[in-house]
Amino acid sequence: FFHQHQLRRIQVIQVGFVVTFSFPSPSPTLHTPHSTPTPPSTSLRYNSSCRCRDSTTSSKAATFIYHHHTYTASIMVLNPHKLGVHKLLKHLPLNAIFDAPSKARLRKAVNIADLRMCAKQRAHKMVFDYLDAGADDEISLRRGKDAYSELEMHFHILSGLKPPLDLSTKIFGQDVKLPFFGCPTAGNRMFHHEGETAAAKAAQHHGTLYGLSSLATTGITEIGKLTDGPKVFQLYVWKDRELVRDVLAKAKEGGFHAMALTVDFTWYGNRERDIRNDFSIPPKYSVKQVVEAINKPAWTYDFLSHEPYTYACINSDVPADSLASFVNSQLSPEFGWKDAEWLLGEWNMPSAVKGICRPDDAIKAVETGFSTMWVSNHGARQLETSPATIDVLPSIREAVGPDVEIILDGGVQRGTDICKALALGADSVGVGKPYLYGLAAGGTEGVIKAYDILKVELDRAMGLLGTGTVDDLKKRGPGLIKRRGASARDYPDRNAYERGYGGGVI
């Protein structure tokens, strides 16, 4: 190659790698950076000490020394999608065969803890732990669940109610049939190829709000076609304001009724399960990950037989693995209240600040112009030992008064949890892990089942409590819910931890 002096871009294909040499010469003849023709006898030497690896992508970069000058070569690691394996597998109707055991388990699930186990049995360990994990020692993750067990429901009798109850309410000023919804979460196609479309279909099926993440793997237009119900678009604090304007414009065109600014993600949380699992997008195809993929054939075939996913709300042409480093570079830790004012001016529609856990911040957010306070600690995935959201909810309601809308998420595993949150000051409740467990367990069918479970549990809890409507529950709630001390017997069986619960394991 080099003796012919004809190429300025050379690809060398080896087993497992594609190496591309890019030289700075604009002419067909190979030149050094000083425009001196390269002698035919000069050899190419690889400087291994300069090798580097970007852990957020599937490509490598290496430095080569050629005629005493340094050149950079990009090394693209081949994977099944780059080889086009999915184009072959999509024509083989094997998904139903691999998914049959998963669907059988899904049909037997009776609560969210069962859905969690269904997801764990179907999904790659790296993927399941990404969904299931919290930050650091996962104290906040366990506490978020345990806090609900310390709230007792002091019920009224002979209330004259009969099922089904009226669970309708308003979220962001829009009528919905349920007072809970699926939180916007990133990368849903990681769990199942249906991804965000499954969650959108479930929201349409149940007549509730749908939340789309700005790091979704399904585009705004496609979601708009799947559900004509109310929709909220979640936005991170990006540095690039043109990117923000572009995404907000797409959300408006897509029929989104509200925007939620996530403010608790300016640093990336320390999720140690991801570190131990060597989590990456796409998988690194190490021996450990390949073995795990073989052990989870339903997830693996689903992943390999469909198109590689992209962060479709930002740039549908860029693969998620290539865009990951861009996302990291775009997060803006210095984003402040003045920036929030600018953002609200760009949106000019109902807006929530997502990540409230202090009354003083809630008051500041109201003064800034946000219409909705979203009480959240990012699923206990960011700051370890942040408080359980249900614990801080009453103080935030007291601070902002009765007329400001409040959404709560975090730790919800039961319809009784939703009932308690509504009683203590929330206007609606977001759920994340419950519907993602359903998604990982069985796509649209799994998400609908997660909503079904929570709906039936909420209906039963409200009926037994003696409250016939969501408004009635919110008005009378503070007198119906009382706190007690934690008990070592809250979860008395040995399998509680395995089922996803945090405390009281004997």
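**Second largest pocket**

I began with the lining of the second largest pocket, whose residues divide into 16 nonpolar, nine polar and two charged. In this classing Ala, Val, Leu, Ile, Met, Phe, Trp, Tyr, Cys and Pro count as nonpolar, Asp, Glu, Lys and Arg as charged, and the others, Gly among them, as polar. The model is predicted: local features need pLDDT of at least 70 and side-chain atom pairs pLDDT 80 or more, while totals for chains, interfaces and linings use all residues. Residues are numbered from 1 along each chain as its sequence is written, and side-chain values use heavy atoms, with hydrogens and water left out.

The second largest pocket holds about 570 Å³ of space. Pockets and cavities are found on a 1 Å grid over the protein atoms alone: a cavity is a set of points where a 1.4 Å probe fits but cannot get out, a pocket is an open set with protein on both sides within 12 Å along at least five of seven lines, and lining residues have an atom within 4 Å of a point. Grid points are joined across faces, edges and corners, and a volume is the space filled by probe spheres set on the points.

I noted 27 lining residues for this pocket, with Val263, Asp264, Phe265, Gly355 and Asp361 nearest its centre. Helix H13 (337-347) and strand E14 (351-356) each supply at least two residues of the lining. E14 gives the largest share, three residues. Helices (H or I, at least four residues) and strands (E, at least two) are DSSP runs, numbered from the N terminus.

**Cavities**

I then looked up the cavities and found two of 30 Å³ or more. The largest cavity has a volume of about 90 Å³. It is lined by 13 residues, and Arg189, His193, Asp302, Phe303 and Tyr309 are the closest to its centre. Its lining has six nonpolar, four polar and three charged residues.

The second largest cavity holds about 60 Å³. Eleven residues line it, and those nearest its centre are Met126, Val127, Met190, Pro283 and Tyr309. Helix H4 (125-132) and helix H11 (297-304) are the elements that give two or more residues to this lining.

**Salt bridges**

I counted 26 salt bridges in the structure, each a side-chain nitrogen of Lys or Arg within 4 Å of a carboxyl oxygen of Asp or Glu. Side chains of opposite charge can pair when their charged atoms come close.

I looked at Arg245 and Glu346, whose closest N and O atoms are 3.4 Å apart. This pair links distant parts of the chain, with Arg245 in helix H8 (residues 241-253) and Glu346 in helix H13, 101 residues apart. Arg245 is partly exposed at 31% relative accessible area, and Glu346 is partly exposed at 27%. Here buried means under 20% relative accessible area, exposed over 50%, and partly exposed in between (1.4 Å probe, protein chains only).

Within H8, Asp246 and Lys250 lie four residues apart, about one turn of the helix. Their salt bridge has its closest N and O atoms 3.5 Å apart.

Glu457 and Arg414 form a salt bridge of 2.7 Å, N to O. Glu457 lies in helix H17 (residues 433-465) and Arg414 in the loop between strand E16 (405-409) and helix H16 (415-423), so the pair ties together parts that are 43 residues apart in sequence. Glu457 counts as buried at 9%, whereas Arg414 is partly exposed at 30%. I also found a network in which salt bridges with shared partners join Arg116, Lys125, Asp129, Asp132, Glu138 and Arg273.

**Backbone notes**

Glu138 has phi near 60 degrees, a positive value in a residue other than glycine. Glu138 sits in the loop between H4 and helix H5 (139-149) and is buried at 10% relative accessibility.

Phe172 is not a glycine either, and its phi is positive at about 55 degrees. I placed Phe172 in the loop between E8 and strand E9 (174-176); Phe172 is buried, with a relative accessible area of 7%.

The peptide bond from Pro163 to Pro164 is cis, with omega near -5 degrees. Pro164 belongs to the loop between strand E7 (151-153) and strand E8 (169-171).
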